[in-house]
Amino acid sequence: MNKTFRLYGIIFIITLVLLALLQLNKREVTDWRKNYDVQQKSPFGMYVFNNEADALFNKKLVRVQNSPYKYYGDSIHGVHNIFVFQKHIDQESAKKIMNQVYNGSDAMIVSTVFPELLADTLKFRTGEYVELLDRLKLTDRKFNSDSLLLDKRPSNLVFDSPDKKSEILGFVESDEMMPSANFIKVKWGRGHFYLHSEPLAFTNYYLLKPGSEAYVQHVFSYLPDRETLWFTNATSESSSSPLRFILSQPTLKYAWWLFLGSLAMFVIFNVKRRQRVIPVIHPLQNKSVEFVKSIGNLYLQEGDFHDMMAKKAQYFLNKVRTDLLLDTKVLDEHFTKKLSLKTGNDLTEVEEAVVLISKAQDPSANVTKEELIRMNSLLDNLLR
């Protein structure tokens, strides 16, 4: 083992020891944020509710990732239940939900923010109060014994003077305030809206308290026993990654990233020291332009204008046969008219070009520099 590998080994061992000491002295920090995430096991996550939701709705729950506006489109679905939990509802989605409820469906919305369209149509308003300890109860006498004590960060939101057509199903009770409605039922068309203003009651912290799950069961008992669409933001399906267990455990996750980082460092330093010098290979240069210039200068120095005209005419006639599919054996009036039509040039210019071509093909003809320049200009114009 050379000195380089020995040094890498020492650095790796020291890093492992330091990480182990930091991990041993690390205190577990509880995340008390209200995330309402179905994947989170934090106190105010929805992991427990998400796992028990299928049984709660008698295996008739369907999770929908799209918004109500996209899901329903322009059609009316059969009678069903709609469940929305702490999810932003835009105006168009609110219209779709109200349309479904009006045609016989029932919708339960548990949220601290309700769409303005829904509040204006159903004539209810929400208000806040200041309390640190509340108890949620249901108005039905048979559910009176199954209340829920909110001792951690209640939302402090109630329905302020709901419309007379609204039926109060639940309320917040406190020692320092009068009971206020937090769970109401409003009829709309052939269906009903069930509105609950305290999402915390459905989080992990409260569902895991002994006896607290009864309150949640009673809340959902108001919905008919039929298919329920839950418009949620996340899916409950587990990850299909082969590393899902390693990444789900903090200690294994740190070890995995440390291993990848060490491997990357080893590769970088090893390649830097052992890689051979790569020679610079210049690409082959294109000498075509220089060749053409040399040939052109040679013809100019020789002054053989007749030979240059003949080659230019031969090249032009070959292009006419290949591209325009014209017979160039006889350069008569018929050929001239066809060439004029094919190229779209003036007949006079084409006739002049044909005369110069015929002169270039005559080995005994005497040509001048001006005739070469003129023919070159005419043929280039015809080939455009």
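Contacts between residues 24 or more positions apart make up 66% of those with a separation of 6 or more in the protein chain. Bear in mind that this is a predicted model. The chain has 384 residues, and 35% of them count as buried. As for secondary structure, you get 14 helices and 11 strands.

**Surface**
- The protein chain exposes about 24600 Å², and 55% of that comes from carbon and sulfur atoms.
- One nonpolar surface patch, about 710 Å² in area, is built from Ile 10, Phe 12, Ile 13, Ile 14, Leu 16, Val 17, Leu 18 and Leu 21.
- Phe 12, one of the patch residues, sits in helix α1, which spans residues 3-24.
- Phe 12 counts as partly exposed because its relative accessibility is 34%, and the range for that class runs between 20% and 50%.

**The largest nonpolar core**
- In soluble globular proteins, nonpolar side chains tend to be buried together.
- Here the largest nonpolar core holds 34 residues.
- Phe 49, Phe 83, Phe 85, Met 108, Phe 202, Phe 220 and Trp 230 have the most contacts inside this core.
- Several elements each put in at least two residues: the helices are α2 (47-56), α6 (204-207) and α7 (213-220), and the strands are β2, β3 (106-110), β5 (134-138), β6 (148-150) and β8 (167-174).
- The biggest giver is α7, with four residues.
- Apart from this core there's another one, of 24 residues, including Tyr 72, Ile 97, Ala 107 and Leu 118.

**Phe 49 up close**
- Which residues does Phe 49 contact, leaving aside neighbours within four places in sequence? They are Leu 56, Phe 83, Phe 202, Asn 204, Leu 207, Val 216, Phe 220 and Trp 230.

**Asn 81, a buried polar residue**
- Is Asn 81 buried or exposed? Its relative accessibility is 1%, so Asn 81 counts as buried, the cut-off being under 20%.
- The side chain of Asn 81 makes a polar contact with the side chain of Arg 226 at 2.9 Å.
- A polar contact also links the side chains of Asn 81 and Thr 228, at 3.3 Å.
- Not counting residues up to four places away in sequence, Asn 81 touches Asp 106, Leu 223, Pro 224, Arg 226, Glu 227, Thr 228 and Leu 229.

Definitions and conventions. Residues are numbered from 1 along each chain as its sequence is written. This is a predicted model: local features need pLDDT of at least 70, side-chain atom pairs count only at pLDDT 80 or more; totals for chains, interfaces and linings use all residues. Side-chain values use heavy atoms; hydrogens and water are left out. Buried means under 20% relative accessible area, exposed over 50%, partly exposed in between (1.4 Å probe, protein chains only). Contact means heavy atoms within 4.5 Å. Accessible areas come from the Shrake-Rupley method with a 1.4 Å probe; for residues, only the protein chains shown count as cover. A polar contact is a pair of N or O atoms within 3.5 Å; within protein, one must be able to donate a hydrogen and the other to accept it, and residues adjacent in sequence count only if both atoms are side-chain atoms. Patches are made of residues with over 30% relative accessible area and no salt bridge: like charges are joined within 9 Å, nonpolar side chains (Val, Leu, Ile, Met, Phe, Trp, Tyr) within 5 Å. A salt bridge is a side-chain nitrogen of Lys or Arg within 4 Å of a carboxyl oxygen of Asp or Glu. A nonpolar core is a set of buried Ala, Val, Leu, Ile, Met, Phe, Trp, Tyr and Cys residues joined through side-chain atoms within 4.5 Å.
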